[in-house]
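Here are my notes on the model you asked about. Have it open while you read, and take the points one at a time.

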Amino acid sequence: MSEPNDDRAPVKTPSAGRPRSGEADRAIAAAALRLLAERGPARVTVEGVAEYSGVAKTTIYRRYRNRRELLHASLRSVADLPEPSPSLPVADRLAVLLEQFREGVESVGLRVVATLFLEAEDPEFAETFRQCVLTPRLELLRRVFRDGVAAGELRPDADYRRVGDMLFGSYFARFAIEGGVDREWARAVVSLAMPLIERTPPGQGGQAP
């Protein structure tokens with residue numbers, strides 16, 4: 001869908017040899033994330049970010065044509081996390097991914113998650129958050145499952161989509177019930193899930209269920 005016409009100046013491509021200011025970029029991303037956590041997605045606008053960051057609106061518009069691009073760039077700083085090493089055991093890789101998921105959600109605040117359940121209030125943000133934060137995390141989780149199955153560590157017949165739902169969903173359930181999530185959450189939920197998906201070695205407990 002094309003963006004509506006407005007009276008903004010056209011976006012200019014930075015000329016060669018003129019590097020973008022890393023300090024301004026960091027200030028813009030930090031201000032957008034702060035707005036998300038403190039005031040919710042609706043306040044993440046070019047005007048709001050300019051006010052919070054001290055970066056001129058013209059400078060922000062040179063980088064991002066609209067709010068959607070600004071949201072994408074800001075959320076990437078949450079989503080771009082190092083992938084756990086493939087040399088780690090499956091349980092450790094899963095725990096790392098869950099802890100990264102937790103840090104990502106908490107860095108933008110739980111009111112952001114509420115927007116996903118009330119999508120009609122800000123569908124643009126809900127879609128952007130899913131694309132930038134949730135989908136990449138889920139794909140990494142599925143990759144760990146695939147690697148585990150290929151290595152013979154995990155059952156090939158498990159419903160890994162529902163296992164992923166259980167792992168990530170347990171964070172929101174615990175927060176809703178207790179108003180917070182303890183620091184051992186990631187390891188604890190992985191330890192509960194592993195017996196359901198581990199492949200039983202031959203001679204140890206018979207056939208896998």
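**Notes on the model**

1. Let's begin with the lining of the second largest pocket: its residues divide into 10 nonpolar, two polar and four charged. Here Ala, Val, Leu, Ile, Met, Phe, Trp, Tyr, Cys and Pro count as nonpolar, Asp, Glu, Lys and Arg as charged, and the others, Gly among them, as polar. A pocket is an open set of points on a 1 Å grid over the protein atoms alone, where a 1.4 Å probe fits, with protein on both sides within 12 Å along at least five of seven lines; lining residues have an atom within 4 Å of a point.

2. Before going on, please keep in mind that this is a predicted model, where local features need pLDDT of at least 70 and side-chain atom pairs count only at pLDDT 80 or more, while totals for chains, interfaces and linings use all residues. Residues are numbered from 1 along each chain as its sequence is written, and side-chain values use heavy atoms, with hydrogens and water left out.

3. Back to that pocket: the space in the second largest pocket is about 350 Å³, a volume being the space filled by probe spheres set on the grid points, which are joined across faces, edges and corners. It has 16 lining residues, and the closest to its centre are Leu-134, Leu-138, Asp-165, Phe-168 and Phe-172. Two or more lining residues come from each of helix 6 (110-117), helix 7 (123-150) and helix 8 (160-178). Which helix gives the most to the lining? Helix 8 does, with seven residues.

4. How is the chain built overall? There are nine helices and zero strands, where helices (H or I, at least four residues) and strands (E, at least two) are DSSP runs numbered from the N terminus. Buried residues, meaning those under 20% relative accessible area with a 1.4 Å probe and protein chains only, make up 40% of the 209 residues. Of the contacts (heavy atoms within 4.5 Å) between residues at least 6 apart in sequence, 68% join residues at least 24 apart.

5. Now for confidence. pLDDT is the predictor's confidence in each residue, from 0 to 100. The chain averages 81, and 83% of the residues score at least 70. Helix 6 has the lowest mean pLDDT among the elements, at 70, and helix 9 (residues 185-197) has the highest, at 96. Over residues 1-19 the pLDDT is below 50, and that stretch has eight contacts beyond near neighbours in sequence. Residues 205-209 are also below 50, with six such contacts.

6. Take a look at residues 45-64, where UniProt (an unreviewed entry) places the feature "DNA-binding region"; such annotations may be inferred rather than shown by experiment. The span is 75% helix and 0% strand, and its end C-alpha atoms lie 11 Å apart. In helix 2 (residues 46-53), the buried residues are Val-46, Gly-48, Val-49, Ala-50 and Ser-53. Their cover includes helix 1 (22-39), helix 3 (57-63) and helix 4 (67-79). Just after helix 2, Gly-54 takes a positive phi of about 80°.

7. Glu-99 sits in helix 5 (residues 90-108) and counts as buried because its relative accessible area is 18%. Leaving aside neighbours within four places in sequence, Glu-99 is in contact with Arg-183 and Ala-186. Tyr-171 is in helix 8, and is buried at 0% relative accessibility. From Tyr-171 to Asp-182 there are 11 residues in sequence and 9.7 Å in space, C-alpha to C-alpha.

Technical notes. Buried means under 20% relative accessible area, exposed over 50%, partly exposed in between (1.4 Å probe, protein chains only).
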